[in-house]
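Subject: A structure for you to explore

Hi there,

Here is the structure I promised to pass on to you. Have a look around it first, and then read on for what turned up.

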Amino acid sequence: MTIKKLIGKLHLWLGLISGLLVLFLGITGCILAFEREIENATQPYRFTKTQQSTLLQPSVLKQIADQELPGKAAHSIGYEPGKSATAVYYGEKPEAYYYIVFLNPYTGKVLEVKNMSDDFFRIVIMGHFYLWLPPHIGQPILASATLVFVLLMITGVILWWPRHKTAFKQRFTIKWNARWRRRNYDLHNVLGFYITWVAIFLALTGLVMGFQWFSNSVYWIASGGKQEVAYQEIFSDSILIWNKAGNIPAIDKLWHKTMQENPGYKGSIEIHPPENTKSVIEVAINPNTDTFWQYDYLFYDQYTLKEKEVKHRYGKLQNASVADKIMRMNYDIHVGAIGGIAGKIIAFLASAIAASMPVTGFLIWLGRKKKSCKKLNS
């Protein structure tokens, strides 16, 4: 048996083993590619026209939202020009919940209380990431299928590669006027070759989120052999609990400070209230709300309001290393947002074609199996 035939066998069995999961990941990936655009088009409560009125302070919006979700802890209060303010409520213990309260940032009117557990895209995301199983079970399963998909793309390109120049031109086009079996064969091989160069990035970024060892390896290579600084929670000096400056809430002071330092700001600003007496206050500033990687994360002592520096990747963007920035970009690359609307279209098409690969591949295998059976019976 030649090496190419061995690779063909490997490609076949890897495809049969992972086919259904690759199909699932491709379909859910297509659905999620334009998540934000679909939400903006179908959920008018996300928008509030910019007015000349003064924006309500985060403590006021939090107080209003708290009345809608009594007993639940506010995770953040968010502002963005032209958008409704958001109060996010998130908790894991003892009860898991995830809500977003949309408010008019000028009047405080509650526009929508959204339970994200019932949100369509949230449900799809949980499937795409965890197969709707506990994360410690579902994530390794889908990450393993993604790793197999990477091997399928590598072996697929090897099998696609023509033996001589005459056959080279034929590998780039689909014979639409041929019999359906030949069209199916071309769809699998030609489209598979074209999408490999995009799908490989979708798959590798998926592996970064799916396997810690893979994420560590990517960082090690990108940083030239350094280990990533682990995320560490920082704390306020609770000894100074008595030193609450005046009657103005700390989150309002930091919000005013941030707004003054960013006049005419067009991105988003989030204020994260402290969870307890030891927590810090986090301020997250994003100049480009179409992506996530450019966020500046600032941390302040809730009593002294002094900024606390961090060394991990989720600090100020200007302090992030090249490797940190690559890791920050990972999700935006995965969904195509790094390339704007064009990137999302490419990611959508790549996911759609990737989803078709198990189907066309299975039909090729089924046709060859039937052909072998006919030869044996004749």
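Before anything else, one term: a residue is called buried when its relative accessible area is under 20%, exposed when it is over 50%, and partly exposed in between. Please also keep in mind that this is a predicted model.

With that term in hand, take tyrosine 90. Its relative accessibility is 38%, so tyrosine 90 counts as partly exposed.

**The whole protein**

The protein has 378 residues, and 41% of them are buried. Its secondary structure comes to 11 helices and 8 strands. Along the principal axes, the C-alpha atoms fill a box of roughly 90 × 45 × 40 Å. If you take the contacts with a separation of 6 or more, 58% of them are between residues 24 or more positions apart.

**Aromatic rings**

A pair of aromatic rings is described by the distance of the centres and the angle of the planes. Rings count as a pair here if their centres lie within 6.5 Å, and the count comes to 20 aromatic pairs. Tyrosine 90 and tyrosine 98 make one of them: the ring centres are 5.7 Å apart and the planes stand at 85°, so this pair is edge-to-face. The cut-off behind that word is an angle over 60 degrees, while planes under 30 degrees apart count as stacked.

For a stacked pair, turn to tryptophan 160 and phenylalanine 193, with 3.8 Å from centre to centre and 10° between the planes. Which parts of the chain does this pair link? Tryptophan 160 belongs to helix α5 (residues 135-160) and phenylalanine 193 to helix α7 (residues 180-210), so the pair joins distant parts of the chain, 33 residues apart. Are these two residues buried or exposed? Tryptophan 160 is buried, with a relative accessible area of 2%, and phenylalanine 193 counts as buried too, at 11%. Both residues also belong to a cluster in which ring pairs link Trp160, Trp161, Phe172, Phe193, Tyr194 and Trp197.

Another ring to look at is that of tyrosine 97. The charged end of lysine 72 sits over this ring, 5.4 Å from its centre.

**Helices that meet**

Two packed helices are described by the angle between their axes and the distance between the axes. For α7 and helix α8 (residues 212-222), the axes come within 6 Å and cross at roughly 115°. Angles of 65 to 115 degrees count as roughly perpendicular, and α7 and α8 are therefore roughly perpendicular to each other. On the α7 side of the contact you will find Leu204, Leu207, Val208 and Gly210, and they meet Gln212, Phe214, Ser215 and Val218 of α8. By class, these residues are 5 nonpolar, 3 polar and no charged.

The axes of α4 and α5 come within 7 Å and cross at roughly 65°, so α4 and α5 are roughly perpendicular to each other. Here Gly127, His128, Phe129 and Tyr130 in α4 meet Pro135, Gly138, Gln139 and Leu142 in α5. This contact has 4 nonpolar, 4 polar and no charged residues.

**Two buried residues**

Valine 190 lies in helix α7 and is buried, with a relative accessible area of 4%. Not counting residues up to four places away in sequence, valine 190 touches Arg171, Phe172, Thr173 and Ile174. Threonine 291 is 101 residues away from valine 190 in sequence, and their C-alpha atoms are 32 Å apart in space.

Asparagine 286 is buried, with a relative accessible area of 2%. Leaving aside its neighbours within four places in sequence, asparagine 286 is in contact with Tyr265, Gly267, Ser268, Thr291, Phe292, Gln294 and Tyr295.

**Two backbone angles**

Most residues other than glycine have a negative phi. Which way does phi go in tryptophan 132? Its phi is positive, near 60°. Tryptophan 132 lies in the loop between α4 (120-130) and α5, and at 52% relative accessibility it counts as exposed. Leucine 305 has a positive phi as well, of about 65°. You will find leucine 305 in the loop between β7 (296-301) and β8 (307-308).

Enjoy exploring, and write back with any questions.

Best wishes

Conventions
Residues numbered from 1 in each chain as written. Predicted model: local features only at pLDDT ≥ 70, side-chain atom pairs only at ≥ 80, totals over all residues. Heavy atoms only, no water. Phe/Tyr/Trp six-rings, centres within 6.5 Å; stacked < 30°, edge-to-face > 60°. Buried < 20%, exposed > 50% of the residue type's maximum accessible area, 1.4 Å probe, protein only. Helix = DSSP H or I, 4+ residues; strand = E, 2+ residues; numbered from the N terminus. Lys NZ or Arg CZ within 6 Å of the ring centre and 35° of its normal. Axes fitted to C-alpha atoms, helices over the stretch in contact; angles between N-to-C directions. Parallel < 35°, antiparallel > 145°, perpendicular 65-115°, else oblique. Contact = heavy atoms within 4.5 Å. Nonpolar A, V, L, I, M, F, W, Y, C, P; charged D, E, K, R; others polar.
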